[in-house]
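I opened my notebook to get to know a new structure.

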Amino acid sequence: MIPAAKSYPTVVHMLEDAGLRAGHAEALVCGEVRLTYAEYVRCVAGFARELQALGATGQRVALLCGNSIEAAVASFAIQAAGAVFCPMNPAYTARELGEALADAGCLIAVCDAGAAAIVRGLGLKVVELGGETANWVARWRDDWGQTLTGLLPEPDALGMIQYTGGTTGRSKGVMLRHRAVAMNVAQREALLPTESGDRFLCMMPLFHSFAMAMNLYQAAWCAGAMVILPRYRPDWVLETLVKEKISVLPAGATVFIGLLNFDGFAATDFAHLRVCYSGASALPAEIMRRWQDATGCAIYEGYGQTEAGPILTYNSPHFPAKPGSVGLPLPDTDVQIVDVETGTRVLPPGESGEIRARGPQLMLGYWQRPEETASALRDGWLYTGDIGAFDADGHLAIQDRKKDMVISGGYNIYPREVDDVLLAHPAVREAATFGVPDAYRGETVVSHVVAGNATVDELLAHCRANLAKYKVPAVLRLVDALPKTSVGKIDKKALRASSTLSLE
């Protein structure tokens, strides 16, 4: 097994070291703003002390911010302040934000302008990023008195609560120690070695565990530059790849598919691109082949989940990749396939079962959810809820999910939450939400609804008012009845089998 790379006690220690050894190197780029590592460290330290003055130490602090230099700085600053970092989706509706913030018991929310307007009505202390009144990047980048001395967290303390969904439909807060997050960076580095001066392109949302892992932290590990786009747009991505001489491109499957089909793709110069990482949802083998043929650059696919800090396995340039495989376990990580019924019988290569894993990157448990923690963590193993199999060479393939979950465009969508929102409409009697295969997004969200006099447009408007855009059903069908199993439960298996979509 390949050993893990050098590990830092926390990611804040990691950033401090990058500032000391590569202070003049470019660290962050967003639009016209550029920060060196020395400036990055000063901004993190300055904001951390401001948060401490607000009482953040020992408290949960939410970050609700779109992609920006401020979001990157705040991600480290919240942890450096001795607070528990709670990244959340700034596109959440007031209902979704209220539930997550109340569950975490956040004292402070660091927000951009869009989310701040919602959060102010929830009774939290709000620190609004950006604008002339809060342009702390400009204020601290040249303040040489700002260092991380005295701001390095305790490695075994709770460092992050990152929200993920579950089959209950309610988000669960995954608790990760500082040491677990930092160790997972070193584990990834062993299989996916970076190079000094690598330039990472970040267009995935920075609140997402994959973007945080493969952009924010991996760039800081190698003192590389993270070039930030506010969101994914194929023309922006291709232009930035060339202009900023991007060498590392982490992205979800939908990005690679979208770029291959974009008109400007063939004319793009990929000479500086060294490696691509794929995660968040399965990448078809044909897309991997087409990408490498067109760019000369391989895509390495991996597997993990937020509960695993977040990566468990990855393909690597150290060994030949296998189409359809998510690679080998990271160093110091054990992965097994066990029977679905008891979860105790280890299955041999070629047999399918539930994937379980153990290693130093695993979560402590779910925030204030002892029963769900006991179900997921058993005898030191994380039971992932995913179905897979090893081949004879130890390469893992993901085959299915036990969880009733849809992965669309790299986002986890939990049908129960969508059903609950639909059932809140007075005209709706029954609702069943599920996913169907989609060549572009991975899966598409479909809802079948038994309703009175409500129209499809009315129900979709209701969903848009209560759900983030990516959770809103792409297809909503009004039906007279829903199929039931012999015990009276809605038969989603039958719905999936009978659902035919014409997706462009």
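Below are my entries, one topic at a time.

**Entry 1: the model.** I note at the start that this is a predicted model.

**Entry 2: two helices.** I began by looking up how helix H2 (residues 37-53) sits against helix H3 (residues 69-80). Their axes are 8 Å apart, and the angle between them is about 50 degrees. That angle makes H2 oblique to H3. I also checked the handedness: H2 passes H3 in a right-handed crossing.

Next I asked myself which residues in H2 meet H3. From H2 come Tyr 40, Cys 43, Val 44, Phe 47, Ala 48, Leu 51 and Gln 52. On the H3 side I found Ala 72, Val 73, Ala 74, Phe 76, Ala 77, Ile 78 and Ala 80. Sorted by class, this contact of H2 with H3 has 13 nonpolar residues, 1 polar residue and no charged ones.

**Entry 3: a hairpin.** I then turned to strand S24 (residues 428-438), where 8 of the 11 residues are buried, so I call the strand mostly covered. S24 pairs with strand S25 (residues 442-451) in the antiparallel sense, over 10 bridges. The two strands form a hairpin, with 3 residues between them. I picked out two of the pairings to follow by eye. Thr 433 stands opposite Ser 447 in S25, and Asp 438 has Gly 442 in S25 as its bridge partner.

**Entry 4: a loop residue.** Last, I looked up Ala 267, which is in the loop between helix H10 (253-260) and strand S12 (275-278). Is Ala 267 buried or exposed? Its relative accessibility is 73%, so Ala 267 counts as exposed; the cut-off for that is over 50%. I also checked Ala 267 against Met 363: the two are 96 residues apart in sequence and 44 Å apart in space, C-alpha to C-alpha.

Methods:
Residues numbered from 1 in each chain as written. Predicted model: local features only at pLDDT ≥ 70, side-chain atom pairs only at ≥ 80, totals over all residues. Heavy atoms only, no water. Axes fitted to C-alpha atoms, helices over the stretch in contact; angles between N-to-C directions. Helix = DSSP H or I, 4+ residues; strand = E, 2+ residues; numbered from the N terminus. Parallel < 35°, antiparallel > 145°, perpendicular 65-115°, else oblique. Left-handed = near helix turned anticlockwise from the far one by under 90°. Contact = heavy atoms within 4.5 Å. Nonpolar A, V, L, I, M, F, W, Y, C, P; charged D, E, K, R; others polar. Buried < 20%, exposed > 50% of the residue type's maximum accessible area, 1.4 Å probe, protein only. Pairing = 2+ DSSP bridges.
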